Amino acid sequence: MEPDDVGVAVVDVLRPTIAALTDEVLSSVVEAVPPFTEWWGGTLDVRDGVDHGIRGFLELLEGGGAADASGARLPNHDVFFAFGRSELRAGRSVGSALAAYRVGAQAAWRAMVARGHEAGIAPEDLYAVADAIFAYIDRLCAVTVEGYAYEQTQGAVERVDARRRLVELAIRRPPPAPAELAGAAADAAWRLPAQLAVVAFRDERSARVAARLGADAVVARVDGTGWALVPDPDGPGRRAATTGALDGVRAGVGPTVAPHEAALSARLAERALALVSATDATAVRADDRGVDLLLLGDPQLAGGLVARVLDEPLAVVPEATRERLVETLEVWLECQGEVRPTAERLHVHTQTVRYRVAQLRELLGEPLQTAEGRLELELAVRARRLHQTVTPQ
């Protein structure tokens with residue numbers, strides 16, 4: 001009998017017995033692969049799946065395409081593609097499904113041989129169908145794996161989107177309601193911690209920062225800036241771990257806050273990021289640079305202070321002299337007005353320091369004589385230095 005005639009003859013024998021054949025295959029599969037009883041919502045749905053598989057095989061066999069693993073599209077392609085997707089959504093491995101397919105193929109083959117013999121089909125003709133059955137099962141496996149992989153991709157995309165939405169919501173100003181933030185955290189499959197710190201970064205890839213910070217941190221890029229929500233930043237060993245993870249990363253680390261105050265931590269983290277040296281990629285903690293962040297918080301006010309107490313009084317001397325005087329003033333203020341320590345830090349003679357301080361007293365006048373005036377001068381010197389060195393945003 002020609003191959004095509006064999007296929008038609010087998011189909012003619014099997015088609016009237018599809019219901020019984022389905023039950024036989026299903027019984028074998030459920031016994032050999034117990035998790036199969038959980039699939040597709042219960043035995044009734046599983047039975048529909050087996051029925052789809054058998055009918056699809058008969059359709060291909062009748063058309064002469066079942067033996068070719070690279071043949072026409074499977075009649076029930078979408079059913080088994082969707083099954084692969086549902087396996088991932090249910091949290092199961094695709095391996096059990098593939099094992100069930102192969103058990104089902106063996107059971108179907110045994111049943112087909114028995115019915116074929118009863119119908120008088122020659123054994124050699126029946127055996128020719130064996131290759132077609134197992135080629136068909138290989139294709140079913142491939143389609144199911146394809147659906148599983150597709151769902152993995154979709155799930156990954158959805159998780160990335162959910163985490164980006166969580167970060168975007170957390171750093172938003174005004175801050176979201178606690179219930180809204182909790183909902184976004186649930187969507188991102190992230191347990192909302194009692195406390196967190198926000199990290200801001202720009203030049204690093206988000207994936208690299210996420211890998212360094214660990215699985216419990218949420219990392220996303222929003223409007224060109226990378227952000228990370230780091231849970232429990234003050235827990236045992238957490239501070240050192242975060243510092244180590246950010247070694248070599250130009251980043252700003254905001255203070256520890258409650259989750260609904262993440263926007264405050266984000267704002268200070270972004271200011272801290274501006275303090276990171278362009279040549280020294282070391283993360284800056286907002287808690288360690290409070291005065292600088294205060295000055296960065298209102299650039300207009302800080303600029304006015306610099307102009308009033310430094311730039312205007314010192315405008316009468318050449319620029320080179322002005323820079324030396326400001327440098328001396330900064331160190332002298334830090335040394336509490338002590339001449340010798342100031343000279344040692346500047347690597348100049350003590351007499352040079354006395355001469356420069358005398359110039360400063362003449363140019364700056366009363367502010368250098370009072371505690372409040374010296375505080376203003378110290379802030380102005382620091383604000384001036386920040387303006388010269390801060391990272392452009």
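Me: What makes up the lining of the largest cavity, in nonpolar, polar and charged residues?

Reply: The lining holds 18 nonpolar residues, 3 polar residues and no charged ones. Nonpolar means Ala, Val, Leu, Ile, Met, Phe, Trp, Tyr, Cys or Pro; charged means Asp, Glu, Lys or Arg; the others, Gly among them, are polar. This is a predicted model, in which local features need pLDDT of at least 70, side-chain atom pairs count only at pLDDT 80 or more, and totals for chains, interfaces and linings use all residues. Residues are numbered from 1 along each chain as its sequence is written, and side-chain values use heavy atoms, leaving out hydrogens and water.

Me: Which of the lining residues lie nearest the centre of the largest cavity?

Reply: Of the 21 lining residues, Val25, Gly53, Gly104, Ile137 and Leu140 lie nearest the centre. Lining residues have an atom within 4 Å of a cavity point, a point on a 1 Å grid over the protein atoms alone where a 1.4 Å probe fits but cannot get out. Helices H2 (18–32), H3 (43–63), H5 (94–119) and H6 (123–170) each supply at least two of the lining residues; a helix is a DSSP run of H or I with at least four residues.

Me: What makes the lining of the second largest cavity?

Reply: Glu330, Leu333, Glu334, Glu378, Val381, Arg382 and Arg385 line this cavity. Glu and Arg count as charged, and Leu and Val as nonpolar; the lining therefore divides into 2 nonpolar, no polar and 5 charged residues. Helix H16 (371–389) gives the most, with 4 residues.

Technical notes
On a 1 Å grid over the protein atoms alone, a cavity is a set of points where a 1.4 Å probe fits but cannot get out, and a pocket is an open set with protein on both sides within 12 Å along at least five of seven lines; lining residues have an atom within 4 Å of a point.
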